[in-house]
Amino acid sequence: PHNDFSCNNGYAKLSYDITSVTSVIATVSYENTARGVGEFSGEFSHPIYGDYYRNNDVKNSRSNITLQSSLSESTDLQVTAWHLRQHYDFTNRQLATGTEISSDSYLDDGYGGSIKLTWKGQQHTVVIGYDYDSRTLESSTIADNKKGIEKQATYINDTMSFGRLTITPGLRYD
């Protein structure tokens, strides 16, 4: 009882070659999940409300679009933009009556992008890049019900191959 699970997912990907060396790829995904976490009774019951059960509902969507291009035989460029939306609802109900004890809701909404330049040599693969991420979290469980974060990063790394040995030193600034 109260341990049910239902999930509907969708995913689509579209790729189009603009030229022989440049393509665009778009993806979209969606998840809608309802899950009963189970019953909590006896020593696991709520100190005020007694025996209860918990349900979680999750709705996530993510989309991105990427432009990939070979600038030369050894150099590739990739530019990506994305959007993410995650919505979580948690509900606790009394076991005997089904009366709602508490509920929490989280909405994580964000967008971002990245630029990555890759150079491949005989024994080296050098990657230089930049990442950007901007997110907002709305929830009744955090101060002021809304918080945001913005992150940026630049990085460089070099994957060096010497036979069966591979070493990847790198630098990243967030």
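**Close-up views of a predicted model**

R85 is partly exposed, with a relative accessible area of 36%. Like everything in these views, this residue belongs to a predicted model.

**View 1. A salt bridge joins D109 and R85.** Look for the side chains of these two residues, whose N and O atoms come to 3.3 Å. D109 is found in strand 5 (residues 100-120) and R85 in strand 4 (residues 75-94), so this pair ties together parts that are 24 residues apart in sequence. D109 is partly exposed, with a relative accessible area of 26%. In the structure as a whole you can find 7 salt bridges.

**View 2. D108, D133, R135 and K151 are linked in a network of salt bridges.** Start with D108 and R135, whose side chains meet in a salt bridge at 2.7 Å, N to O. This pair links distant parts of the chain, with D108 in strand 5 and R135 in strand 6 (residues 124-139), 27 residues apart. Now stay with R135 and find D133: these two form a salt bridge as well, and their closest N and O atoms are 3.6 Å apart.

**View 3. D158 is a buried residue without a salt bridge.** You will find D158 in strand 7 (residues 146-162). Which side chain of opposite charge is nearest to D158? That is K120, and it is 12 Å away. The side chain of D158 does make a polar contact, at 2.8 Å, with the side chain of H124. Leaving aside neighbours within four places in sequence, D158 is in contact with H124, T125, V126, I167, T168 and P169.

**View 4. T27 makes a polar contact with N64 through their side chains.** The distance for this contact is 2.8 Å. T27 sits in strand 2 (residues 22-40) and is buried, with a relative accessible area of 12%. Apart from neighbours within four places in sequence, the residues in contact with T27 are Y11, A12, K13, R62, S63 and N64.

**View 5. Five residues form a nonpolar patch on the surface: Y16, I18, L67, V79 and I115.** Together they have about 450 Å² of accessible area. Pick out L67, one of the patch members, in strand 3 (residues 52-70). L67 is partly exposed, with a relative accessible area of 37%.

Note on methods. Residues are numbered from 1 along each chain as its sequence is written. This is a predicted model: local features need pLDDT of at least 70, side-chain atom pairs count only at pLDDT 80 or more; totals for chains, interfaces and linings use all residues. Side-chain values use heavy atoms; hydrogens and water are left out. Helices (H or I, at least four residues) and strands (E, at least two) are DSSP runs, numbered from the N terminus. Buried means under 20% relative accessible area, exposed over 50%, partly exposed in between (1.4 Å probe, protein chains only). Lys and Arg count as positive and Asp and Glu as negative; His and the chain ends are not counted. A salt bridge is a side-chain nitrogen of Lys or Arg within 4 Å of a carboxyl oxygen of Asp or Glu. A polar contact is a pair of N or O atoms within 3.5 Å; within protein, one must be able to donate a hydrogen and the other to accept it, and residues adjacent in sequence count only if both atoms are side-chain atoms. Contact means heavy atoms within 4.5 Å. Patches are made of residues with over 30% relative accessible area and no salt bridge: like charges are joined within 9 Å, nonpolar side chains (Val, Leu, Ile, Met, Phe, Trp, Tyr) within 5 Å. Accessible areas come from the Shrake-Rupley method with a 1.4 Å probe; for residues, only the protein chains shown count as cover.
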